[in-house]
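Reader: I'm new to this one. Could you walk me through how to read its strands and helices?

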Amino acid sequence: MSRMAAGQPHRLRFTLNGSTIERACEPRRLLSDFIRHEVGATGTHVGCEHGVCGACTVTIDGQPARACLTLALQAEGCEVCTVENLAGKESRLGVLQQAFRKHHALQCGFCTAGILMSLDSLFAQRPDATEDEIRDLLTGHLCRCTGYAPIVRAALEAASELRIKLKDETANA
Ligand code: FES
Ligand code: FES
């Protein structure tokens with residue numbers, strides 16, 4: 001393949017927060033840049049751009065992923081979710097977001113979107129996640145404002161609310 005052909009834009013199609021996105025994309029474009037600059041979904045933040053800070057975390061097919069380490073073309077055919085997806089249909093804050101607000105678990109908020117996406121994915125897979133597991137997850141996210149204690153409190157409260165919700169849904173099914 002010539003160098004010219006290798007750099008040609010490709011057609012990219014994936015689902016972002018439930019909506020189909022289809023447009024041309026250069027092979028070297030990062031998913032974080034594509035989401036923010038091509039689609040305009042700026043809730044996903046970009047900090048270190050080399051996989052350390054966790055600010056850019058999104059979920060791809062339910063799994064947390066560093067969008068700054070993912071080429072946009074790798075999302076072909078996948079379901080990508082960002083922090084914009086956490087609010088309910090009436091644009092009300094989701095359970096995790098409400099808990100973060102209640103416990104002052106953010107200050108500048110730069111790290112928050114990534115932390116919310118990692119926690120959302122953890123609770124979807126492990127509704128019984130323990131405090132140790134939550135703390136372990138937070139080791140993958142840098143927050144220079146909060147000292148982490150309010151984040152842990154918010155996460156524990158959200159986890160317990162989500163468990164109650166899940167129980168109610170199961171009982172009413
Ligand atoms: S911007 Fe992706 S991990 Fe820091
Ligand atoms: S709230 Fe500022 S970096 Fe976490």
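Reader: How many bridges join strand β1 to strand β2, and in which sense do the two run?

Author: Some ground rules before the count. This is a predicted model, where local features need pLDDT of at least 70, side-chain atom pairs count only at pLDDT 80 or more, and totals for chains, interfaces and linings use all residues. Residues are numbered from 1 along each chain as its sequence is written, chains are lettered from A and ligands numbered from 1 in the order in which they are written, and side-chain values use heavy atoms, leaving out hydrogens and water.

Author: Strands (E, at least two residues) and helices (H or I, at least four) are DSSP runs, numbered from the N terminus, and two strands pair if DSSP finds at least two bridges between them. Here β1 (residues 10–16) and β2 (residues 19–25) run antiparallel, joined by 7 bridges. His10 stands opposite Cys25 in β2. The two strands form a hairpin with 2 residues between them, and Asn17 in that turn has a positive phi of about 50 degrees.

Reader: Which residue of β4 is the bridge partner of Thr57?

Author: That's Arg66, while Thr59 has Pro64 as its partner in β4. Strands β3 (residues 57–60) and β4 (residues 63–66) pair in the antiparallel sense over 4 bridges. They form a hairpin too, with 2 residues between them and a positive phi of about 50 degrees at Asp61 in the turn.

Reader: In what order do the strands form the sheet?

Author: The open sheet has 5 strands in the order β2-β1-β5-β3-β4, and its pairing is mixed. β2 and β4 stand at the edges with a single partner strand each, so one side of each has no neighbour in the sheet. Neighbouring strands are turned by 40 degrees against each other on average, direction ignored.

Reader: How do the axes of α5 and α6 cross?

Author: Axes are lines fitted to C-alpha atoms (for helices, over the stretch in contact), and angles run from 0 to 180 degrees between N-to-C directions. The axes of α5 (residues 131–138) and α6 (residues 149–172) come within 10 Å and cross at roughly 130 degrees. That makes α5 oblique to α6; under 35 degrees counts as roughly parallel, over 145 as roughly antiparallel, 65 to 115 as roughly perpendicular and the rest as oblique.

Reader: Which residues make the contact?

Author: Contact means heavy atoms within 4.5 Å. From α5 come Glu131, Ile134, Arg135 and Leu138, and from α6 Ile151, Val152, Ala155 and Leu156.
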